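Subject: Structure handover

Hello,

The structure is placed below, and my notes on it follow. Please read them alongside the coordinates.

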Amino acid sequence: MLLRLPDGTLAGYAQLDGSDPVESPAAELLVAPGLRARGHGRALGEELLRLTGRRLRIWAHGGHPAARHLARVLKLHLFRELRQLRRPLTDLDLPEPVWPEGIAVRAFVPGQDEEAWLELNAAAFAHHPEQGGMTPRDLADREAEPWFDPEGFFLAVREDGGELVGFHWTKVHAAEELGEVYVVGVRPGAQGGGLGRALTTTGLRHLASRGLPTGMLYVDADNVPAVTVYERLGFTTYETDLMYRTEN
Ligand SMILES: CC(C)(COP(=O)(O)OP(=O)(O)OC[C@H]1O[C@@H](n2cnc3c(N)ncnc32)[C@H](O)[C@@H]1OP(=O)(O)O)[C@@H](O)C(=O)NCCC(=O)NCCS
């Protein structure tokens, strides 16, 4: 959707994505920097609400004050705060990871670990349907991606019996020179015992060994255990994206 002034000047733009089968349509919108604070954002937002019958989610990347204000004006509610955290990987000074008694770490083996990993992922992310609902097909798709590297996909296993109890899957963004803590998960019964910290440290050391200067990750602000683990390991907030939505 394009918003033009009477003289044809392009003042703003909005895009609506209704492809999610469950969630409300999601939108992103922007107003040209020189034409802000004149009601154009509100006009675009009201049109999006009309088009969707007031079933709308809007991302506010960076969480700028003007976006927060517009959300209030449109009577949208803050639904999700997604933080990007970063930390330098140069001169990584983290202590050696400490593994709980009877737990060892090894790399994911393609063709062998898929089923057990999917089960562990579903258990660790039972509260998070988007991650916890990963299917064999979703995993196969990721394993086929050019960035996939089993050497950066760490599994914590019980030395007695081999049960998977935690994992840290890292992802290298070569062009941006960023090493991502892509997903970390610990089996619910094994949480709080230092595994998350040990797995995250192991992955960060791996990313640093690849010569990447910066580590990054995305985390929901209300995921207190995860935010705590990452902040204790030296991560700080780099950017915050806010998702607002209508109440229904
Ligand atoms: C986040 C997660 C991986 C942490 O793993 P864990 O093994 O429970 O964490 P640890 O025992 O290593 O704890 C590391 C630190 O975080 C703190 N912490 C852990 N859980 C906490 C909680 N619920 N509240 C407050 N602090 C907590 C610990 O006290 C510890 O602090 P310390 O380093 O000063 O001792 C785990 O809770 C998990 O799998 N959660 C579900 C999946 C998820 O949300 N993953 C992250 C998103 S990608």
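Arg187 is buried, at a relative accessible area of 15%; buried means under 20%, exposed over 50%, and partly exposed in between, with a 1.4 Å probe and protein chains only. Salt bridges that share partners join Arg187, Glu163, Arg158 and Glu119 into one network. A salt bridge here is a side-chain nitrogen of Lys or Arg within 4 Å of a carboxyl oxygen of Asp or Glu. Before going further, the conditions: this is a predicted model, in which local features need pLDDT of at least 70 and side-chain atom pairs count only at pLDDT 80 or more, while totals for chains, interfaces and linings use all residues. Residues are numbered from 1 along each chain as its sequence is written, and side-chain values use heavy atoms, with hydrogens and water left out.

Helices (H or I, at least four residues) and strands (E, at least two) are DSSP runs, numbered from the N terminus. Glu163 is partly exposed because its relative accessibility is 34%.

The whole structure has 13 salt bridges.

- Arg205 and Glu96 form a salt bridge through their side chains, at 3.0 Å, N to O. Arg205 lies in helix 6 and Glu96 in the loop between strand 5 and strand 6, so the pair ties together parts that are 109 residues apart in sequence. Arg205 is partly exposed at 30% relative accessibility, whereas Glu96 is exposed at 57%.
- Glu47 and Arg50 form a salt bridge at 2.7 Å, N to O. Both lie in helix 1 (residues 40–51), 3 residues apart, which is about one turn of the helix. Glu47 is partly exposed, with a relative accessible area of 26%, and Arg50 is exposed at 55%.

**Ligand site**

Which residues are closest to the ligand? They are Val186, Gly192, Gly194, Asn223 and Arg232, in a shell of 21 residues around the ligand; a residue belongs there if one of its heavy atoms lies within 4 Å. By class, the shell has 10 nonpolar, 9 polar and 2 charged residues. In this scheme Ala, Val, Leu, Ile, Met, Phe, Trp, Tyr, Cys and Pro count as nonpolar, Asp, Glu, Lys and Arg as charged, and the others, Gly among them, as polar.

The protein covers 73% of the 930 Å² of accessible area that the ligand has on its own. The elements that give two or more residues to the shell are strand 9 (178–186), helix 6 (195–209) and helix 7 (224–232). Helix 7 supplies the largest share, 7 residues. Accessible areas come from the Shrake-Rupley method with a 1.4 Å probe, and for residues only the protein chains shown count as cover.

**Surface and backbone**

Leu2, Leu10, Tyr13 and Leu30 form a nonpolar surface patch with about 360 Å² of accessible area together. Patches are made of residues with over 30% relative accessible area and no salt bridge, where like charges are joined within 9 Å and nonpolar side chains (Val, Leu, Ile, Met, Phe, Trp, Tyr) within 5 Å. Tyr13 sits in strand 2 (residues 10–17) and is partly exposed at 31% relative accessibility.

Asp91 has a phi near 50°, a positive value in a residue other than glycine. Asp91 is in the loop between strand 5 (77–88) and strand 6 (103–107), and is exposed at 74% relative accessibility. Glu177, also not a glycine, has a positive phi of about 55°. Glu177 is in the loop between strand 8 (164–173) and strand 9, and is partly exposed at 47%.

**Overall**

The protein has 248 residues, of which 42% count as buried. Its secondary structure comes to 7 helices and 11 strands. The C-alpha atoms fill a box of roughly 70 × 40 × 35 Å along the principal axes.

Regards
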